[in-house]
Amino acid sequence: MTEPTPRTPTSRRTLAKAGVAAAVGVGAVGTAVRLTQHDDGPADRPGGALVLSADDGSDIAALEVPLELGAARGGVRETDALPTSLYSMVGVTWRGDASPQVWARARRSDGWTDWTRMPVLEDRPESDAWRADRHGTAAWWVGPSRSVQVRVAGAVPPGMRLVLLHPASRPEDEMGITAARSTAADDVQAPRPEINSRARWGAEESWRNGRPSYESTIEQVHVHHTASGNDYSRTDVPALIRGFYRYHTKSLGWSDLAYNFLVDKFGRIWEGRAGGVARNVRGAHTLGFNSDSCGIAAIGNYEQVQAPDAVVRGVAAVAAWKLDLHGRKARGRTTVRSEGSDKYRSGAMATLRVIDGHRDTNDTSCPGSNLYRRLPDIRARAHELMTKPPEPSNVVVQQPADVAGAAVVGRGLKVVAGRYDPEGARSRYQWLREGSPVAGATTWRYLCREADLGSRISVRVTTQAPGRDPVVEVAEGGRVQSPVDLQVKTRRRGGRLRAKVSVTSPDGIGAEPTGSVSLTIGGRTVERRLRDLDKPIWFGRGQPLKPRATRLVVTYSGDRRFQAREVRRTVTP
């Protein structure tokens, strides 16, 4: 595949902002980072933390800065502990083809993590077509953290940079998904699995550089892992993939995500590289063997933990579908021509398993020893899908659950039940405030209270049936607000009108409304902030109102916690 000339990994604007924010440790863009270690709340020292910022229009905060490593001790050099603003992913990049040994640790709310080896990212485009000169580690998902420290053993490559990322969570990340299946064609046995689209995980398509390339067939499936860590939740996954995407395109200069598909530890499948899941998109995942192949990456580090059965099922489902479309055998072998890797020279013929691991074609530990040991299980499961009509594995949503009612303090919301296959499926409920469970709120009804003011209320519906995996949906109830008491007193004499307005919360609500009110009469409008309503509002002092101007409209704009309100009053001369 011909990779387009990459974009500059980090904008000058982003680095300039970082340089200002971290003025204690970073004098100017391009200056190496070396901050004094301070374990007692370093991120709280004004001006002493590296501050991430987002590109225009993006909610992925990022920072890329050069590193200064201390003196070598036993062949190991390390940075000081670097206090930061909030981040959740860390990577290290450099120039050239070196493969340094890199470790990192992060400071989370419960203290420092252990030192973690960050493997060199070998999933990349072909070297003869790649124009980016940066290599790097896998991006490590550490979760919310506020300090980082890096350690390097052996020779230090030039241009080593620290990359910190914090993909913000989005409300849609909480939404449940189904895993209903549909057969792609009459002559294909293996069903197409449910695949979460790029739009579902929130791809910013303007970051892609160039158009997808396509192959005429699929002969192999190469299995990878992202080596990014395993401590993530279901709702973290979309943000995690957004972080991979940003790291691949901006920090490493690639044209897109390297992998065609990703599978999380819960078995859910996600579209990776753009171009269409049903088409033979050429990826950039397996150096020398991207031709006529599909790359599937399991999200996690399976050198560190066992590969869950859910991952085996998810990888097998994609592999079976893609291979069956082209008449391949999941447990078979094939002979392919190498386009040049560190294990097979260019032009060499390699006989490989149809479903293989990245280490079979390149000198790498990917996909991790624990996932590599599960490849026979993946092949067996894929073979079963390709030769035997599968039973539905989980509850299927035929009509999603919904929420009815008004999100108003003192009023109730209720779940409108969905329809499911099988018919006997039963649902349980957990109401959420801004995505977090509300203690004790586990029935199909919910009474909005003052504690909910300004917060979004939703309900998580978990539906299960014997012999099926449960399906999880999140239905939105809306932002909880309160009405206001809008009082208007007027006095009119001829062409002059005096109005006194008050906007207050109803009895029993401690919070007070904010915002503004507007008054309109005879084509004239006056707007006042609520905090300035202690003085009366006059019309007609300079230019008297006309006698026919008798309709006064007073409108409160509303705010996050309080509803808008309008009052109409007839005022005669």
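Here are some notes on this predicted model, point by point.

1. Ground rules. Residue numbers start from 1 along each chain as its sequence is written. The model being predicted, local features need pLDDT of at least 70 and side-chain atom pairs count only at pLDDT 80 or more, while totals for chains, interfaces and linings use all residues, and side-chain values use heavy atoms, with hydrogens and water left out.

2. Confidence. Mean pLDDT (the predictor's confidence in each residue, from 0 to 100) is 86 for the protein chain, with 87% of residues at 70 or more. Residues 127–131 fall below 50, and that stretch has 13 contacts (heavy atoms within 4.5 Å) in the model beyond near neighbours in sequence. Residues 178–186 are also below 50, with 19 such contacts.

3. Overall make-up. The chain has 6 helices and 34 strands; these are DSSP runs numbered from the N terminus, helices being H or I of at least four residues and strands E of at least two. Of its 573 residues, 52% are buried (under 20% relative accessible area; exposed is over 50%, partly exposed in between; 1.4 Å probe, protein chains only). Take the contacts between residues at least 6 apart in sequence: 71% of them join residues at least 24 apart.

4. Cis prolines. Most peptide bonds are trans. Cys366 to Pro367 is cis, omega near 15°, and Pro367 lies in the loop between strand E18 (355–357) and helix H5 (369–372). Asp421 to Pro422 is cis too, omega near 10°; Pro422 is in the loop between strands E22 (419–421) and E23 (426–433).

5. Positive phi. Two non-glycine residues to check here are Asp292, with phi near 55°, and Glu434, also near 55°. Asp292 is in the loop between strand E14 (269–271) and E15, and is buried at 18% relative accessibility. Glu434 is in the loop between E23 and strand E24 (436–437), and is partly exposed at 43%.
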